[in-house]
Structure formats: structure tokens, C-alpha cells
Amino acid sequence: MDARHYTYRVIWSREDGEYAGLCTEFPSLSWLHRDQAKALTGIVRVVGEIVSDMEANGEAPPEPMSSKSYSGKFQVRIPPERHKALAMQAAEQGISLNRYVTDKLCA
């Protein structure tokens, strides 16, 4: 598994006064550095070491999000009265309930 295929981000940590490199597939890992690029380099290196250790111990590392496929569909269960209210709001705007909820989720 190539550790560079995982999902990374770097954020400023006010608490630590440094940048934090994070990996979505390994939420318990982070790497702190005062330089943003080095925070990214650090987390990629740590994930690579963890993946190597997992593979050496016969464990399967998590699948990178980038290699998963998504259908574009998911179900959400809500109370019937909320469903009715959303359907009415969508109708008032002249759009489908699906479009209305999508717009709300992505706003």
C-alpha cells in the first residue's frame, strides 16, 4: 500500500501553536511542526511507517478513500413530521425534495 494515496490535510493548531498534519484514514495520528509543508511530510512518513508495520504483522491497512467508489446515494431516517415539512418547503420552491435536501446539505 502506498501511503501517499491516503487523504491528508494540514491545519493550524492554535492550541499547539503549530501546524498539524492529519490523515483521514488514520484519525488517531497527527504530526506537528511549525512549518506547514513539514507537517505534511511528517504525517505522510508516520502513516507510511504504520502501514509498513501493519503489513509486516499480517494486518490489512485501511483502504484509501481515493480508491473507494461512491454511489451518490445514502439513506437518512427522519421523523415523519420533519419529512413532511421538508417536502412542503421543497414544493414551495418548486424543486424536488431530493434537490432541496441536497442544497441544504451542501450549503
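The protein chain holds 3 helices and 3 strands; helices here are DSSP runs of H or I with at least four residues, strands are runs of E with at least two, and both are numbered from the N terminus. This is a predicted model, in which local features need pLDDT of at least 70, side-chain atom pairs count only at pLDDT 80 or more, and totals for chains, interfaces and linings use all residues. Residues are numbered from 1 along each chain as its sequence is written, and side-chain values use heavy atoms, with hydrogens and water left out.

Along the sequence, the pattern reads β-β-β-α-α-α. The radius of gyration is 20 Å, well over the 13 Å that the globule rule gives for 107 residues, so the protein chain is more spread out than a compact globule. That radius is taken over C-alpha atoms, and the rule is 2.2 Å times the number of residues to the power 0.38. Along the principal axes, the C-alpha atoms fill a box of roughly 55 × 35 × 20 Å. Of the 107 residues, 21% are buried, a term for under 20% relative accessible area, with exposed meaning over 50% and partly exposed in between (1.4 Å probe, protein chains only).

I turn to the sheet. Its 3 strands form an open, antiparallel arrangement in the order β1-β2-β3, where pairing requires at least two DSSP bridges between two strands. Strands β1 (8-13) and β3 (30-33) stand at the edges with a single partner strand each, so one side of each has no neighbour in the sheet. Between β2 (residues 18-23) and β3, the antiparallel pairing runs over 4 bridges; Tyr19 has His33 in β3 as its bridge partner. Helix α1 (residues 36-56) packs on this sheet and touches β1, β2 and β3, contact being heavy atoms within 4.5 Å.

Which aromatic rings pair? There are 2 aromatic pairs, counted when ring centres of Phe, Tyr or Trp (its six-membered ring) lie within 6.5 Å; planes under 30 degrees apart are stacked, over 60 edge-to-face, and the rest tilted. Tyr6 and Phe26 have ring centres 5.3 Å apart and planes at 85 degrees, so this pair is edge-to-face. Tyr6 lies in the segment before β1 and Phe26 in the loop between β2 and β3, so the pair ties together parts 20 residues apart in sequence. Both Tyr6 and Phe26 are buried. Trp12 and Tyr19 also form an edge-to-face pair, at 4.9 Å centre to centre and 75 degrees between the planes. Trp12 is partly exposed, at 47% relative accessible area, and Tyr19 is partly exposed at 23%.

Conventions: Axes fitted to C-alpha atoms, helices over the stretch in contact; angles between N-to-C directions.
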